[in-house]
Amino acid sequence: MTEDAFVRKVEETIAEGRLLAEGDRFLAAVSGGPDSTALLHLLCALRPKYRWSLAAVHVNHGLRPREAAEEERYVKELCGALDVPCFTAAVDVRSSLPVHGNNVQSAARSLRFQAFRDLSARWGSSIIALGHHGDDQAETVLMRILRGTGPGGLAGMRLSNELDGLKLIRPLLRISKRELEAYCARHSLSPRFDSSNASRSYFRNVVRLDILPYLMKFRPEAADSLRRVAELAADEDDFLDSLAREKLGGAAFSGGSVRCERAIICKEHPALQRRMIKIILNSLKLNESAVEFAKIETIRRAVAAERPTTLEIRISSGYV
């Protein structure tokens with residue numbers, strides 16, 4: 001892909017997804033890897049055209065001390081060369097592991113986004129640009145298929161979504177990893193590489209290093225196909241969600257509880273019933289495992305039973 005085509009594709013994604021408007025103020029999350037390095041460089045190139053006020057945010061998770069220090073140094077130097085304000089934060093993932101079930105990735109993500117919230121307040125904007133790209137999207141969809149996702153999960157990552165007061169945007173979601181690496185090479189950028197990405201201790205790395213490349217031996221377009229599935233599923237998911245929310249108009253959402261007459265749910269198709277129940281559970285801000293298919297289906301069958309009786313289901317530690 002030529003430079004002009006690359007830039008045009010990203011600009012079209014930003015416009016179509018309404019990710020940014022002219023004059024917007026926002027932060028770009030920059031780890032120092034190829035994806036976020038290309039993202040920051042490209043946004044800076046577009047900055048004069050759209051009159052954006054852009055700053056970078058870098059979070060040091062303290063997991064790879066030597067590499068992490070080099071990554072932080074690199075991001076600061078890159079920001080200096082691009083004339084971009086740079087905010088940094090250090091978090092202690094290891095000490096927070098017990099709170100997150102000893103899941104390193106979950107703890108790192110939680111602390112990272114807390115840092116994003118703190119630093120976004122300092123910059124005066126709740127918009128955070130992330131470097132997720134098309135290959136990340138393909139991996140996400142494949143992982144969800146292997147875990148038994150429903151149609152909504154096939155939508156993968158969205159071009160934008162809200163998370164605890166932050167607007168997360170992904171301008172590179174239609175760009176491949178190869179295209180980003182080529183962009184870095186064209187502009188003589190020297191991003192850093194995270195050695196943990198080579199560890200097969202994480203399911204995503206197994207999908208990235210083994211499963212997806214194996215599939216692409218037989219279907220070279222497999223990653224592109226998975227990205228297309230995500231886009232189609234996202235559009236259909238948005239439509240069905242809006243319909244389910246409309247059907248839930250008679251439900252009463254109040255604080256930490258929801259009251260809904262079962263007749264409102266029972267009269268709908270099972271596909272809409274599941275979505276209505278998922279919307280109710282999501283409104284309670286439960287963790288992902290509490291909104292899994294098995295629990296949703298148990299609730300749906302109980303609600304739709306012809307001879308209902310009293311039934312108690314523990315959804316999570318704080319909800320029944």
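Residues are numbered from 1 along each chain as its sequence is written. In this predicted model, local features require pLDDT of at least 70 and side-chain atom pairs count only at pLDDT 80 or more, whereas totals for chains, interfaces and linings use all residues; side-chain values rest on heavy atoms, with hydrogens and water left out.

In soluble globular proteins, nonpolar side chains tend to be buried together. A nonpolar core is taken here as a set of buried Ala, Val, Leu, Ile, Met, Phe, Trp, Tyr and Cys residues joined through side-chain atoms within 4.5 Å, where buried means under 20% relative accessible area, exposed over 50% and partly exposed in between (1.4 Å probe, protein chains only). The largest such core has 37 residues, of which Phe6, Phe26, Leu40, Leu42, Leu43, Leu54 and Val84 touch the most other members. Two or more residues of this core come from each of helix H1 (3-16), strand E1 (25-29), helix H2 (34-50), strand E2 (53-60), H3, strand E4 (127-129) and H6; helices (H or I, at least four residues) and strands (E, at least two) are DSSP runs numbered from the N terminus. The greatest contribution, seven residues, is that of H2. With residues up to four places away in sequence not counted, Leu43 touches Phe26, Ala28, Trp52, Leu54 and Ala129, contact being defined as heavy atoms within 4.5 Å. A second, separate core comprises 21 residues, including Val59, Ala89, Val93 and Leu168.

Two packed helices are described by the angle between their axes and the distance between the axes. For helix H5 (residues 134-146) and helix H8 (residues 222-247), the axes come within 8 Å and cross at roughly 75°. H5 is therefore roughly perpendicular to H8. Axes are lines fitted to C-alpha atoms, for helices over the stretch in contact, and angles run from 0 to 180 degrees between N-to-C directions; those under 35 degrees count as roughly parallel, over 145 as roughly antiparallel, 65 to 115 as roughly perpendicular and the rest as oblique. On the H5 side, Gly134, Asp135, Gln137, Ala138, Val141, Leu142 and Ile145 meet Ala223, Leu226, Arg227 and Ala230 of H8.

The whole structure holds 29 salt bridges, each defined as a side-chain nitrogen of Lys or Arg within 4 Å of a carboxyl oxygen of Asp or Glu. Glu139 is buried, at a relative accessible area of 4%. Its side chain forms a salt bridge with that of Arg204 (3.2 Å, N to O). Because Arg204 lies in helix H7 (residues 203-218) and Glu139 in helix H5, this pair ties together parts 65 residues apart in sequence. Glu139 also meets Arg208 in a salt bridge (3.0 Å, N to O); Arg208 is likewise in H7, so that pair ties together parts 69 residues apart in sequence. Arg204 is partly exposed at 23% relative accessibility, as is Arg208 at 25%.

A further salt bridge joins Arg200 and Asp210, with the closest N and O atoms 2.8 Å apart. Arg200 is in the loop between helix H6 (177-186) and H7, and Asp210 is in helix H7, ten residues apart. Salt bridges with shared partners also join Arg158, Asp237, Asp238, Asp241 and Arg275 into one network.

Glu72 is located in helix H3 (residues 65-82) and is buried, with a relative accessible area of 17%. Neighbours within four places in sequence aside, Glu72 is in contact with His58, Asn60 and Thr88.
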